[in-house]
Amino acid sequence: MNRAMLSLMKKDFKGITANRRLFSAILIVPLVLTVFLPSLFIVLIHFAPDDPDFQSLAGMLPQSLQGGSLEMTIAGLVLNYIMPLFFLMIPIMTASVMAASSFVGEKERRTLETLLYSPLSLKQIFRAKVAASFLLSMLVSFLSFFAMLVVVEAELFFLAGGLLLPGASWAAILLLVSPAISLIAVTLIVRRSAKAQSVEESQQGAVFLIVPVILLVTGQFSGVLLVSVWLLLGIGAVCALLAWLLLKSAMGKFTYEMLLK
């Protein structure tokens, strides 16, 4: 990656941080999913431990994980089986905000022609746009994870008198599944942004990526599906392969005519 590509990526980062509406959209969703929701779960578990719904949730766990108090058991279920799936939504939503405006934003600001006259080739421009959105989504994901961990552990320590360690599923999510899904989302949305006439139009592709994640979360809550580490590794491997194929295909079909329509 050369200096010109890095400069383009920095320009895109500054464009997002300078836009309060877009920047707030990037921050609000992760805060709700990783700070507000787990805090709500922990408070409800602490003050209503005999709720039948909590009893049924605890029954979802294998017998080997049902030791200790009901409060810590359900907190472990939330932390290690439900919360990781939210980290499949965060990179998609974050990437959709920045990636959707990648080329549409250049058209709206009337800077697309200037960008095309830069010393970068079309493939280098595409890679820089994808890399900027991908890095932003990963940065938000990791910061959200650490914020969630600090808040959840502090609340458990003060309310339940104990701490919970993140399970192996977090490594699979943060290091494989989340990056792969983020790259898929970024590639599809950036490519769509090149042909779209508005940011809203280019964001439509992200909806189809969020639907399977919502189904997984619903399955976790209903007890129909308890996502294991091996299932996450399988999903991650498939998504990583799909991400590589999509990126390669998108760069091959990216043309000046597509951008200037």
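This is a predicted model: local features need pLDDT of at least 70, side-chain atom pairs count only at pLDDT 80 or more; totals for chains, interfaces and linings use all residues.
Which residues does Ser39 touch, not counting residues up to four places away in sequence?

1. **Ser39 and its neighbours.** With residues up to four places away in sequence left out, Ser39 touches Val151 and Glu155. Ser39 itself is found in helix α2, which covers residues 20-47. The Glu155 contact has a polar side to it: the side chains of Ser39 and Glu155 are joined by a polar contact of 2.9 Å.

2. **The other Ser39 contact.** The Ser39 side chain also reaches a backbone atom, namely the oxygen of Val35, at 2.6 Å. Is Ser39 buried or exposed? Its relative accessibility is 12%, and because the cut-off for buried is under 20%, Ser39 counts as buried.

3. **Phe87 with Phe145.** On to the aromatics: searching the whole structure turns up five aromatic pairs. In one of them, the ring centres of Phe87 and Phe145 are 6.3 Å apart and the planes sit at 75°, so this pair is edge-to-face. Phe87 belongs to helix α4 (residues 70-100) and Phe145 to helix α7 (residues 122-159), so the pair ties together parts that are 58 residues apart in sequence. As for accessibility, Phe87 is buried at 0%, and Phe145 counts as buried at 9%.

4. **Phe87 with Trp170.** Phe87 also forms an aromatic pair with Trp170, with 5.0 Å from centre to centre and 85° between the planes, which is again edge-to-face. Here the partners are Phe87 in helix α4 and Trp170 in helix α8 (residues 169-195), so the pair ties together parts that are 83 residues apart in sequence. Trp170 has 2% relative accessibility and counts as buried.

5. **The ring cluster.** If you want to look at the aromatics as a group, select Phe87, Phe145, Phe146 and Trp170: ring pairs link these residues into a cluster.

6. **Lys11 with Asp12.** How many salt bridges does the count come to? Two. One of them is formed by Lys11 and Asp12, whose closest N and O atoms are 3.7 Å apart. Lys11 counts as partly exposed, at 37% relative accessibility, whereas Asp12 counts as buried at 11%.

7. **Asp12 with Lys129.** Asp12 forms a salt bridge with Lys129 too, and there the closest N and O atoms are 3.2 Å apart. Why does this pair tie together parts that are 117 residues apart in sequence? Because Asp12 lies in helix α1 (residues 3-18), while Lys129 lies in helix α7. Lys129 is buried, with a relative accessible area of 1%. Through shared partners, the salt bridges join Lys11, Asp12 and Lys129 into one network.

8. **Where helix α7 comes up.** Phe145 in helix α7 pairs with Phe87 of helix α4, and Lys129 in helix α7 pairs with Asp12 of helix α1.

Definitions and conventions
Residues are numbered from 1 along each chain as its sequence is written. Side-chain values use heavy atoms; hydrogens and water are left out. Rings of Phe, Tyr and Trp (its six-membered ring) pair if their centres lie within 6.5 Å; planes under 30 degrees apart count as stacked, over 60 as edge-to-face and the rest as tilted. Helices (H or I, at least four residues) and strands (E, at least two) are DSSP runs, numbered from the N terminus. Buried means under 20% relative accessible area, exposed over 50%, partly exposed in between (1.4 Å probe, protein chains only). A polar contact is a pair of N or O atoms within 3.5 Å; within protein, one must be able to donate a hydrogen and the other to accept it, and residues adjacent in sequence count only if both atoms are side-chain atoms. Contact means heavy atoms within 4.5 Å. A salt bridge is a side-chain nitrogen of Lys or Arg within 4 Å of a carboxyl oxygen of Asp or Glu.
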